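Welcome! Take a moment to look over the structure below, and then we will walk through a few of its features together.

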Amino acid sequence: MTQRTRRWWILPAALSLALLMTACTGDEASDTGGDGEPQAAGGPATFAVVLSDFAIQPDLINAPPGQALAFEVANNGSAPHSFAVDTGNGVEATQELQAGQTATLEVPALDAGDYKIYCTVSGHEDLGMVGSLAISEAGGSVAAGATGSGGVSHQTMSDGSVTVQEMLEGHEAGVKAFPAETQALGNQPLEPRLEDGVKVFELTAEEIQWETEPGVFVDAMGFNGTVPGPELRVNPGDRVRIVVRNEMTQPTTMHLHGVTVPNGMDGVPYITQDPIMPGGFFTYEFDVVDPPGMYVYHSHFNSTEQVGKGLYGAIYIEPEGGFSRVYGEPIEVEHTLFLGDGPTGYVLNGKGFPATQPIVADLGDDVLIHLANDGAQIHPMHLHGYHFEVVAADGFALEQPYMADTLMVAPGQRFDILVKADHAGVWAYHCHILPHVEGPHGMFGMVTALVVQEDSG
Ligand SMILES: [Cu+2]
């Protein structure tokens, strides 16, 4: 029962994946662009801008020189945000907009050049709320009626940010690249060392550069160099020792999330232990008393940054014979999806589409997916083409499993779902908060696919 990571090429299926996603999310695309057509000469050129946690859409706005600009700004996020333009002669900004608030920002005509757009709320620019306002003669030209298959290649979408041809190319390129290769994958098995019957694991917290999608490296933190950290597997009744070393430049601790441990092993700084200083270590030791299921280990020090940057991983309490024993089904494919957001961007197992890994099954397989959210936002995970059975929550098997096609996973929650892979195809599996998955340049972030192959190879 191993996680299948075999390389798989999507070529004939790529278009169907793109079509499925387009059909699913196409309506929403107009939300960001509806009001953005520059008005007739004399009035300001007007653009729609949508703020979310933590993005500005569009993040590239093309506008003409010598014409006043107006930005109709909507805060669709859950946190307060603002929209600002650094004109080089000062900053023009909306007030801080509460969730759901809108405002119009008027900016006097600008000379040709590139200007920064950003959110002025402290820290939000670093979280990704930054982009460009490009003023050039080509900017803002809009041709209405961008439909049909011919003659659309250089027409500009109504928000002035991207042409139809660029949209098509972006969507297609992402799908064709999937699953794109990046340096290193998280969730790799870590075999314990046996010492006098104790299963000993060694984890080292490090500051790393982590490639979330091809060529995109973020400042991250990982156990043993990956996001998520390695998979630990233990059995009921085991004695377990986890030695956590800190090779970072700031203190840390580790909490065993959902795992029943003695109080002194709970990993909370100044409540149950002193922080693990840089260069130091702490030994967590406990007997496994919880039922079989998926549990999590993660940092519990400066955790907005440390967990946000990737200091989390899975610990499975697995019955002898595997999870089939728990769910009464033979499990051919087991896969784990850690949901993440914040400093790493929107990621599944530390990777954004197209660098996410597909879940690959043969027709008829029973697929067990462990979901865990170690981000800071909720993520409703939606599987196309199937209804799945929710069989466990927070590590405990449900007495009454239920069917769903979308499952909200809040920060800290875990679920196990079972999919009976009984129809072949490439089935998109993605967060349904659309700003987490798709923009004018195609899919990104929290998108992967369940690939059900007819040929067992
Ligand atoms: Cu999401």
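Which residues coordinate the copper ion? They are H379 (through ND1), C431 (through SG) and H436 (through ND1), at 1.9 to 2.1 Å. Keep in mind that this is a predicted model, where local features need pLDDT of at least 70, side-chain atom pairs count only at pLDDT 80 or more, and totals for chains, interfaces and linings use all residues. Residues are numbered from 1 along each chain as its sequence is written, and side-chain values use heavy atoms, leaving out hydrogens and water.

**The copper site**
- Donors are N, O and S atoms within 2.8 Å of the metal (3.2 Å for Na, K and Ca); water is not among the atoms, so sites may look incomplete.
- Along the sequence, the donor residues follow the spacing H-x51-C-x4-H.
- H379 lies in strand β23 (residues 379–383) and H436 in the loop between β28 (425–431) and β29 (438–439), 57 residues apart, so the pair links distant parts of the chain.
- Both H379 and H436 are buried, meaning under 20% relative accessible area, with exposed over 50% and partly exposed in between (1.4 Å probe, protein chains only).

**The sheet**
- Strands (E, at least two residues) and helices (H or I, at least four) are DSSP runs, numbered from the N terminus.
- An open sheet of 5 strands runs in the order β21-β31-β28-β23-β26, with mixed pairing; two strands pair if DSSP finds at least two bridges between them.
- β21 (359–362) and β26 (406–409) stand at the edges with a single partner strand each, so one side of each has no neighbour in the sheet.
- β23 and β26 pair in the antiparallel sense over 4 bridges, and M381 has L407 in β26 as its bridge partner.
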